[in-house]
Amino acid sequence: MSLTNCRYYEEKYPEIDSFVMVNVKQIAEMGAYVKLLEYDEIDGMILLSELSRRRIRSIQKLIRVGRNEVVVVLRVDKEKGYIDLSKRRVSPEDVIKCEERYNKSKMVHSIMRHVAEKTNVPIESLYESIAWPLNRKYGHAIDAFKLSITKPEVWNDVTFSSEPVAEELKTYISKRLTPQPTKVRADIEVTCFGYEGIDAVKTALRTAEAKNTEDTQVKVKLVSPPLYVLTSTCLDKAEGITRLEEAIVDIRTAIEASNGHLTVKMEPKAVTESDDAELQALMEKRERENQEVSGDESQSESDDNIDV
C-alpha cells in the first residue's frame, strides 16, 4: 500500500454513465489517452468520435495535453483495464457538478495524505476506515469533516486505527476547515439640515445597532461628515450583507422622519484588508485636513470599539 496514492472512492472503477475528471496525457490518431484522477490515475481513452458533436477540424482546439477535462464513462472492461470515455456527451451542467465533487474529493485526499504522512499509515487504510464510511453515511466525507467541527459525534461513525490517527485528523480538520470570519462593509452619507440635525443623525445611526445580537454585530464609524461606514463581521457573508441592508433601511426610515436624507455611496459587500487600509488612510487624511469637525459628536457610542 502506498503512503500517499489511492483512489478517492470505494469502487475501484467508475460506473458506466458516471462523470469523471481526467487529465489528458497524449493525443493520438484514435483519440486522447487520459488518466482518471479520482481513480488513482488509471488509464482511459476518449475516442476521436467522442470528442465533439461537430465535425473535428483541429483536435488541439478541442482537447490539449495537460488539461483536466470532465468526461462521461461509456464502457469499463475491468479484466483488461480499458475505460472508454466521451467528452461530447457532457453538458455544461454536468461539468459544474463533476468539478464540484472533484474539488471536494481532492480536499479530502489532501487531508488523508497529510494524516498518512504524519502517522506513517498507508493512505488506503485511512480511506477504508475513515473517508469511505463517511461517504456512505453523509454523502461526502468533506461534509462530515466540516460538520465534525461543531458536532464531534460525527466521529462515532468512524473506527480509528489508533489514537495518533484520530488526534492528527481532528486537529488538522479543525485548523483547515474552521470557517473564517468575513467582514462586510457599506458606505453611506447621512444628512439632516433641520434644527436638531446633529441629534437626528445620531439617533438614526443608532438604529443600525439596535438589532445587534451576539452573532451579528453592526457597527457605525464616522469617516468625515456626512460620510459614515457600516461594518459587520460574520461567518456567513450573505447573512452579513443582508444585515447591513436592513440597517440601511432602518437608518433611512429614521432620518427621513426628521426630514433628513441618506445616500448609499457603496452597497454592502465583503471587503479585504487592502480595502480596510484604504479606508483608514482616507480617515487619517480627512482628520489631518480638518482637525475640528463639528460633526464628530455624532459618532456612534460604540465607535471606540470599532476596528475598521
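The largest pocket is lined by 16 residues. Tyr9, Glu11, Tyr39, Arg101 and Asn135 lie nearest its centre. The model is a predicted one. The largest pocket lies between domain 1 (18-89) and domain 2 (95-177), because both domains give residues to its lining.

**Pocket: volume and lining**
- The volume of the largest pocket is about 300 Å³.
- By residue class, the lining of the largest pocket holds seven nonpolar, five charged and four polar residues.

**Strands β2 and β3**
- Strand β2 covers residues 31-36, and strand β3 covers residues 42-47.
- These two strands run antiparallel and are joined by six bridges.
- Within this pairing, Val34 stands opposite Gly44 in β3.
- β2 and β3 form a hairpin with five residues between the strands.
- In that hairpin, Asp40 takes a positive phi near 55°.

**Strands β3 and β5**
- Strand β3 also pairs with strand β5, which covers residues 82-86.
- Here the sense is parallel, and the pairing runs over two bridges.
- Ile46 stands opposite Leu85 in β5.

**In brief**
- β3 pairs antiparallel with β2 and parallel with β5.

Technical notes. Residues numbered from 1 in each chain as written. Predicted model: local features only at pLDDT ≥ 70, side-chain atom pairs only at ≥ 80, totals over all residues. Heavy atoms only, no water. 1 Å grid on protein atoms, 1.4 Å probe; cavity = no way out; pocket = protein on both sides within 12 Å on 5 of 7 lines; lining within 4 Å. Points joined across faces, edges and corners; volume = space filled by probe spheres on them. Nonpolar A, V, L, I, M, F, W, Y, C, P; charged D, E, K, R; others polar. Domains from an automatic or database assignment. Pairing = 2+ DSSP bridges. Helix = DSSP H or I, 4+ residues; strand = E, 2+ residues; numbered from the N terminus.
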